[in-house]
Each structure stands twice: as C-alpha cells, then as structure tokens.
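Please look through the sequence and the model below.

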Amino acid sequence: MRAIRVLGAALLALGLAAAPAAADSSPSPEASADDGAPTRAGTSFRTATEVEQGQTATARASTGDYLYWSFPADAGQRPTVEATVKLPDSHAAETWQIDVYDGLRRRQACQYGAATRTAAADAPSVELTCVLRTVRAWSEPWANDPLPGTYYVRLTALRLSTADLGQAVDTELRVGSEDMGGAAAVDGTLSEPLVPGIAVRAEADEAKDDDSPTAVLADLEPEDGWTSGWWSDRWIWTAVGGALAALAGVAGYRLTRGSGRPPGVPPHA
C-alpha cells in the first residue's frame, strides 16, 4: 500500500508540473503576428481591440458574431476603413456591413465607399470600404462632426440563412488616413481628445502625489501625439499672403506717388 501511495503522489506531482508547460504550448487568442498587428477582435465597445493606423488586423470568428476594433484619428485626418471577410466554401447569399463610431459612440456616416455589400452564394470573400469625413479639431455641441479621439469599427453580417449561422470566417481590417492639410483647419480646439479614460488620466496628472491606480481604457494615440489642430499649413499660406499683400502695397505706393517736385521749383509757402 505504501508503494501505491508513493507512486500516486509521484504521478500527481508529474501532472502538476506538466500542466503549465501544456498551457504555454497552446496558442493564445491574444497572440500577435510578427509585425505586432492584433489577431483577434473584441465583442463590444468596451472590449474593442486597438489597431494602429497602417496595421492589418486579423481575426477568426463565426458568422453572426459582432466584431469590434478601435483606432485613433486626429484633427485634419480623413480615415479610411477597409474590411475583407473570407467566407466558407459553401454558403448562401450573405450581407455584411461595417459601422464606424466616434469617441462619443455616435455613428459616423461614410463620405463614400461601400460599407454594406452582399456576397453571392459561394462567393469566396466580400470587401467593404468606408471613407469618413475629415476629422475636425472643434465642432458645435449639436453637430455630428467627427472629432479627434478613438474611433470604433463594428463588422457583422446583417442577413444570413439559418444554415450559415456559426460557420467559421476569417476577417481582415485595415485602417489608414489621408492628411487634408489646412483646408480642413478650423478656429477652435478640444481641451482633450475623445478617448476613453482621458478624464481619469487628466485627474491623475493633476494629482501626481496620489499613488492610486489609474484606469486607462485606451492607450493608442497618433504617432506624433494629439495635435488638437493647433498647427496646419494654413499658417504658411497666411504668412505668404501677408508678405504678398505688403509687396503689393509698396508697389502701389510707388506707382501712385508720382515723380515728385520738379527740380528748381521751390516748395509752396
């Protein structure tokens, strides 16, 4: 009996030691590709996977799931969201759609692009595109203009047959933007970008002596930081216009002042 108890204890210890190794060898759902791009998607606004502009995020999901990503967009940028869904080999006609929301979770209309598309039966994939309006540095409270901050992308299928529910699909999401320059500049800025957790972060910066943990819900920001629209090439054009106006004034004065008093003519008393 003693030998059996010793053998059982040895087998139990061996199993406990092997369990972490087995867990480490299994693939993680949060594992990233070699370029650091995410390989999963969130299932709600709060769990949206963060994606940097220029990255291609991938995720494997089931037909009928709601997939969420988030990305930062700054003033003067016109974001473009592109999604590709690789469908199963056999399926009925499916309609897919991407929706983009700003930091206040207001749905932003696409300026152009096909945000909703129907894939024919047995089509290999469907591609979606949404080009947003240019992000403004400031806007009226009643307006629905896109503002600097975090943007959310939701990808889902709208109309599905019952037989297609739950089938595995592979998705790709690409986010980029175009800098629109001074043509999109406005006279005004936000005090803070519309980023989840920005208010808590600002309070922590004011009270640096407080060692309490800070809840930050979004870490990504533009590569050069949040500009809030303080600089644009409109400053250059304003300076050039001012210089040209000064030169025009000098030239106009020289043309209209005349040749002056003729030589030998005394000035009037």
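Asp99 is buried, with a relative accessibility of 3%; buried means under 20% relative accessible area, exposed means over 50%, and partly exposed lies in between (1.4 Å probe, protein chains only). The side chains of Asp99 and Arg107 meet in a salt bridge, 3.0 Å from N to O. A salt bridge here is a side-chain nitrogen of Lys or Arg within 4 Å of a carboxyl oxygen of Asp or Glu. Side chains of opposite charge can pair when their charged atoms come close.

This is a predicted model, in which local features need pLDDT of at least 70 and side-chain atom pairs count only at pLDDT 80 or more, while totals for chains, interfaces and linings use all residues. Residues are numbered from 1 along each chain as its sequence is written, and side-chain values use heavy atoms, with hydrogens and water left out.

The whole structure has 10 salt bridges. Glu172 takes part in one with Lys86, where the closest N and O atoms are 3.7 Å apart. Glu172 lies in strand β10 and Lys86 in strand β4, so this pair ties together parts that are 86 residues apart in sequence. Strands (E, at least two residues) are DSSP runs, numbered from the N terminus. Glu172 also forms a salt bridge with Arg174, at 3.4 Å between the closest N and O atoms. Glu82, Lys86, Glu172 and Arg174 are linked in a network of salt bridges.

A disulfide is a covalent bond between the sulfur atoms of two cysteines; the rule used here is a pair of cysteine sulfur atoms within 2.5 Å. The count comes to 1 disulfide, formed by Cys110 and Cys130 with their sulfur atoms 2.0 Å apart. Cys110 lies in the loop between β6 and β7 and Cys130 in strand β8, so the pair ties together parts 20 residues apart in sequence. The torsion about the S-S bond is about -105 degrees, so the disulfide is left-handed. Cys110 is partly exposed at 27%, whereas Cys130 is buried at 0%.

The largest nonpolar core has 31 residues. Such a core is a set of buried Ala, Val, Leu, Ile, Met, Phe, Trp, Tyr and Cys residues joined through side-chain atoms within 4.5 Å. Trp69, Trp96, Ile98, Leu155 and Leu173 have the most contacts inside it. A second, separate core of 5 residues includes Phe45, Tyr68, Tyr101 and Tyr152.

Note on methods. Helix = DSSP H or I, 4+ residues; strand = E, 2+ residues; numbered from the N terminus.
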